[in-house]
Amino acid sequence: MSLALVVATGAVRGGTSILFAALGETISERAGVVNLGIEGSMLCGALTAYAVAAETGNLWVGLAAGAIAGGLLSLVHAFFVLNRESNQLATGLVVLFLGLGITSLFGAAYVQADVTAMGSWDVPILSSIPWIGEVFFQQDPITYLSYLAVPACWWVLFRSRWGTLLRAAGERREVLTTYGHPARLIQYVAVVAGGMLGGIGGAQLSIGYTGAWFENMTQGRGFIAVAVVMFANRMPFRVQAGSYLFGAALALSPALQARGYSINQFALDAAPYIVTILVLVIFGRRKSQEIPGELQKVFEIAPAT
Amino acid sequence: MKTRRLAPALAAVVLAMSLLAACSSNDSTASASASSEPPGKDSEKVGFIFVGPKDDFGYNQAAYEGSQAVAKAFPDMEVLTAENVPEDDSATRVMESMIKKGAKVIFATSYGHLDPAIKVAEAHPDVVVVQQGNVINGEPIDNMGTFFGTVYEPVYLAGIAAGKATKSNKLGYVYAFPIPQTIDNIDAFQLGAASVNPQAQTYVVNTSNWCDPAKQAEAAKSLLDEGVDVITQHQDCTSTVIKATEAGGAMTVGYHADASSLAPKGWITGSEWDWKDLYTDIVKTAVAGEFVGSKYNANYRVGLKTGENPFIQSEYGPSVTDETKAQIEAAKEAISKEDGSPFKGPVIAQDGSVLVEDGVVPDYATIEGFTVFVKGVVGDIPKS
């Protein structure tokens, strides 16, 4: 395989977990709630999927359970942020550490459980297309789900009545309430749905392709997802492209090393984060006008009185 | 409105943290006023800290099993263990709290636990602190020591098995960080392979993390794509690489633990830890009050030559031929002799310079001081 092909397949394989989390974050932020705890949802999803798969022997049941676990954790975030009006950023971090703690505690029993990952399922016909087939259609089935999830997410957000209400909740909650819509309920659904997608992202890591569960195995991918959402400006297709960009940055280092190229590996390891900062610098300011109204409130710094 | 609430909350957190810090530092000064008893004498408790989970199919699991052997050997002794202790000041806090509970013997079992361990040893002259895997520069203080096995010996032997098994002459090595232990292992693996197969080369990929399964899977994939057909590793959690290797139809050389169950087809051999006897003896020495000046009150290293290496070769897999086994036996005998070593000269470095002169048998300190790969390793040591 050529280097470009190895990196491209690695980008999709490694970017999919980020993509699911970023899609979840997109839905949540479109409804006006930043969820920094999405990494916690990923961890809950990764562990629960792995544990349930180990207990039931069924990977798909595991995947469903992982999604539910991710959703449940984000429910905690939703409660404090929406009912108690706590600070979204601080609460998100607390929820992240809650997820990390819970999964460390209950995960210890499953470190040695033996679950065989789904592995790659070649899609008939499509997988034999040169290049595109190898990159996109020789992956694990959770990755194929993401190909459906991205357009579905876009359609729901921008073409359905539901999406209009959801985005309205993110722009001006009080207007929605005035017109008699349950704004808070809509936000709840968005945050929990976002957490469920995060959980699926975690499950892709544990039962989709590595076949392992270890404490903190997401290693910051949830935060990368939050950054992706910011620079992709909460647009599903851009989120997908951004996630693959990070996946490529992650896949580049091993691919180069395995070929014996001598490149500063510490610089390569830093690449995903440098990409984040660069993209935020380049796109960040220009897009500031398009941030949903309720989100702007979160980032506003109130003057000291 | 919302942001204003954050400030007092943050202030409270910071305040609470600084209070905690103040408390723990008070504790250490208080207990530092120690008696003249020899360190560790008559200790009723012993503490172990691990950097990872106790069942990681790897390094930490082996250390944990060692701690349980201590519990078995001393039925009256309470064994305190702490998993997932980071290699920073949190390690200091965990050790301090174990000492507060009455432990007078502490095992800090990760390479990066050395600095916190030294700090704790200095604050508590009455407590024996031993560290696993790292080296103290100069003479250790009276109540401190490091210990380890010559890990590269079984890795060298496994390298022979890999060199015989490979068909593409490309071996893969997934590692975390270029610490001395890892560099020695990679060099020994390549030297072992080259000793029976001069065409064999070792391709190295680092993950910059002791346990990031997704990165490990990616590393294994990259190596497999490159045509590597035997993969070994130096990671804390090992199952991901082994599963990926097995799924890719390649062969596995294990590290840390016997994971042959994960690779029924491709398992060749590996290296694993057995800390039972060494841990037990260290505790025995300390509890008897004989730690100061003992062999453990130093940078203690054991290997094939001393006959008590805690790092042993794993069982062979089904594909290993009798011829290979005989070759490994012969090599084992050769490196067990006084004038034998996997690094017996001449050893040529990657850049073609001479690393060990012809006929020279380097001592342990020299081997741990190697900062280059040997000839036949493909890839660079990351430099900042």
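Colleague: Which residue meets the side chain of A:Glu29 in a salt bridge?

Modeller: This is a predicted model, in which local features need pLDDT of at least 70 and side-chain atom pairs count only at pLDDT 80 or more, while totals for chains, interfaces and linings use all residues. Side-chain values use heavy atoms, without hydrogens and water; residues are numbered from 1 along each chain as its sequence is written, and chains are lettered from A in the order in which they are written. A salt bridge is a side-chain nitrogen of Lys or Arg within 4 Å of a carboxyl oxygen of Asp or Glu. At 2.7 Å from N to O, the partner of A:Glu29 is A:Arg234.

Colleague: How many residues apart are A:Glu29 and A:Arg234?

Modeller: A:Glu29 belongs to helix α1 (residues 3-30) of chain A, whereas A:Arg234 is in the loop between α10 (221-231) and α11 (236-258). Helices (H or I, at least four residues) and strands (E, at least two) are DSSP runs, numbered from the N terminus. The pair thus links distant parts of the chain, and the separation is 205 residues.

Colleague: What is the phi of A:Arg234?

Modeller: A:Arg234 is not a glycine, although its phi is positive. The value is about 60 degrees.

Colleague: What area is buried between chain B and chain A?

Modeller: Contact means heavy atoms within 4.5 Å, and 41 residues of chain B are in contact with 44 residues of chain A. Buried area is the accessible area (1.4 Å probe) that two parts lose on being put together, summed over both. Carbon and sulfur atoms give 52% of the area buried here, which is about 3600 Å².

Colleague: Which residue of chain B forms a salt bridge with A:Asp114?

Modeller: The count between chain B and chain A is four salt bridges. In the one formed by A:Asp114, the closest N and O atoms are 3.1 Å apart, and the partner is B:Lys243.

Colleague: Which element gives the most to the side of chain B that touches chain A?

Modeller: The elements of chain B that give two or more residues to this side are α1 (2-32), β7 (201-206), α7 (213-225) and α8 (239-247). With 10 residues, the element that gives the most is α7(B).

Colleague: Which residue does a cis peptide bond join to B:Gly345?

Modeller: The omega of this bond is about 5 degrees.
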